Amino acid sequence: MKRTNPSSRRGFLRRGAFGSLAGLFPFSRSNASTAVERSSKHVQRYVPLGRTGFRISDITFGSSRLRRGQDDLVRHALDRGVNYFDTADSYTNGASERVIGQALGGERDKVYIASKTHVSAGASRRSIMGKLEASLKRLGTDYIDVYFNHAVNRIDRLENPEWSEFVDRAKQQGKIRFVGMSGHAGNLIECLDHALDADSVDVLLVAYNFGQDPAFYDRFTRSFDLVAKQPDLPRVLAKAKTRNVGVVTMKTLMGARLNDMRPYEKNGASFAQAAFRWVLSNPNVDAVTISMTSTARIDEYLGASGVYEVSQQEFELLKTYAHLNGASYCRHACNDCESACPYGVPIADVLRTRMYATDYQDVPFARSEYALLGDAAAACLGCSGKPCQGACTHGLPIEQLCEPTHRMLA
Ligand code: SF4
Ligand code: SF4
């Protein structure tokens with residue numbers, strides 16, 4: 001399928017935002033409503049992933065919650081055209097990698113597999129190589145297409161020379177083809193800038209959704225800066241594009257409180273599809289990765305493939321979601337509260353793991369991600385909560401959230 005000039009995507013959308021009388025933003029980059037079915041259950045578009053040379057499905061398979069016995073989900077997505085599968089060594093204690101390996105075993109040359117490992121500032125090359133070897137074994141393959149330094153939130157984790165040496169060695173040995181950085185909290189912007197300026201990544205996996213995008217609020221409120229204070233995020237995505245670094249986005253559903261939205265979804269409209277379309281309409285985004293937890297969800301998600309203009313009805317869904325959830329959703333990478341805690345609690349990361357438990361309702365996953373932070377909010381147990389009171393520029397009561405998160409996930 002032919003892809004039109006991506007640089008026109010968001011510009012067209014913007015012009016259409018106020019100009020549509022017909023219910024659709026009128027300038028689609030592909031006349032997509034006629035070129036492809038608007039809500040197909042099959043991948044409609046494959047996109048180049050930066051400098052890798054891969055052409056991946058615009059909707060990709062996220063597997064953070066994939067458990068033993070769910071091979072059918074992987075096969076279902078594969079049958080519907082998904083060709084990029086994202087996993088990590090920490091997901092479901094390695095079961096995610098095992099299931100993907102089993103399900104894709106006979107199709108290895110037709111798919112791209114991305115995996116990740118958490119590399120600390122002091123990790124040795126040898127230990128990182130050990131983690132890679134373990135992932136390869138679980139995946140039943142001898143190479144990983146994109147290998148990510150997982151959930152990077154501090155620059156010293158990127159500056160670890162052992163990571164660079166590991167990358168060179170693993171590439172030479174053919175165990176990894178390309179390298180990436182994933183990030184969704186903490187000093188995300190600084191880390192993304194650092195990785196791009198050092199030319200140390202081929203692909204970024206980054207949290208990005210309509211609720212974090214100033215351009216979204218620009219449509220219906222003059223005080224967007226009260227809601228979305230992350231103008232640097234679109235800037236960094238644009239920078240990645242100029243460096244020919246692939247961009248895959250995650251957390252695109254802004255907390256994925258899908259059930260909240262069902263009463264508002266009329267005439268076949270889907271909040272999830274609207275959210276994906278918003279992100280994919282940014283010309284600097286290549287693809288979306290989303291945790292696929294049922295065949296019905298896969299079919300729903302793939303309905304967004306290939307059609308990136310957001311209809312007026314879909315835009316209203318996004319607005320409704322933002323109104324319902326904006327006051328309780330942590331824009332993890334805004335990090336305005338970073339210096340509020342005298343004990344160094346990484347508040348944004350802690351609240352991210354809380355989201356996994358309360359919004360995704362996946363406590364085991366939340367626990368495994370919290371464990372990677374190293375008992376991060378233990379200090380809250382003995383704290384009055386006064387230092388972080390009022391520190392959230394989006395109005396979240398941090399002092400009421402971090403301690404219970406620790407109690408729930410530690
Ligand atoms: S409650 Fe205390 S320890 Fe916890 S984040 Fe707030 S200031 Fe830090
Ligand atoms: S708690 Fe508030 S200030 Fe801190 S990262 Fe989340 S949204 Fe930003």
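Of the 15 residues around ligand 1, which come nearest? They are C341, C380, C383, P387 and C388, where being near a molecule takes a C-beta atom, placed from the backbone, within 6 Å of it. Before going on, keep in mind that this is a predicted model, in which local features need pLDDT of at least 70 and side-chain atom pairs count only at pLDDT 80 or more, while totals for chains, interfaces and linings use all residues. Residues are numbered from 1 along each chain as its sequence is written, and chains are lettered from A and ligands numbered from 1 in the order in which they are written.

Back to ligand 1. Helix 17 (residues 398-409) gives the largest share of its shell, four residues. Helices here are DSSP runs of H or I with at least four residues, strands are runs of E with at least two, and both are numbered from the N terminus. The shell of ligand 1 divides into 12 nonpolar residues, one polar and two charged. In this scheme Ala, Val, Leu, Ile, Met, Phe, Trp, Tyr, Cys and Pro are nonpolar, Asp, Glu, Lys and Arg are charged, and the others, Gly among them, are polar.

Now look at ligand 2, which also has 15 residues around it, with C330, C334, C337, A348 and C392 coming nearest. Its shell draws its largest share, three residues, from helix 15 (residues 347-358). By class you'll find nine nonpolar, four polar and two charged residues there.

Next, a pair of helices. The axes of helix 5 (residues 125-139) and helix 7 (residues 161-172) come within 8 Å and cross at roughly 50°. That makes the two helices oblique to each other, because angles under 35 degrees count as roughly parallel, over 145 as roughly antiparallel, 65 to 115 as roughly perpendicular and the rest as oblique. On the helix 5 side, R125, I128, M129 and L132 meet E162, W163, E165, F166, R169 and A170 of helix 7; contact means C-beta atoms, placed from the backbone, within 7 Å. Those residues split into six nonpolar, no polar and four charged.

Let's zoom in on L280, which sits in helix 12 (residues 271-280). L280 counts as buried because it has 27 C-beta neighbours inside 10 Å, and the cut-off for buried is 20 or more, with 12 or fewer for exposed and partly exposed in between. Beyond its neighbours within four places in sequence, L280 touches D58, V285, V288 and Y308.

Finally, zoom out: the protein chain has 17 helices and 10 strands, and 51% of its 410 residues count as buried.

Terms used. Axes are lines fitted to C-alpha atoms, for helices over the stretch in contact, and angles run from 0 to 180 degrees between N-to-C directions. Two residues are in contact if their C-beta atoms, placed from the backbone, lie within 7 Å.
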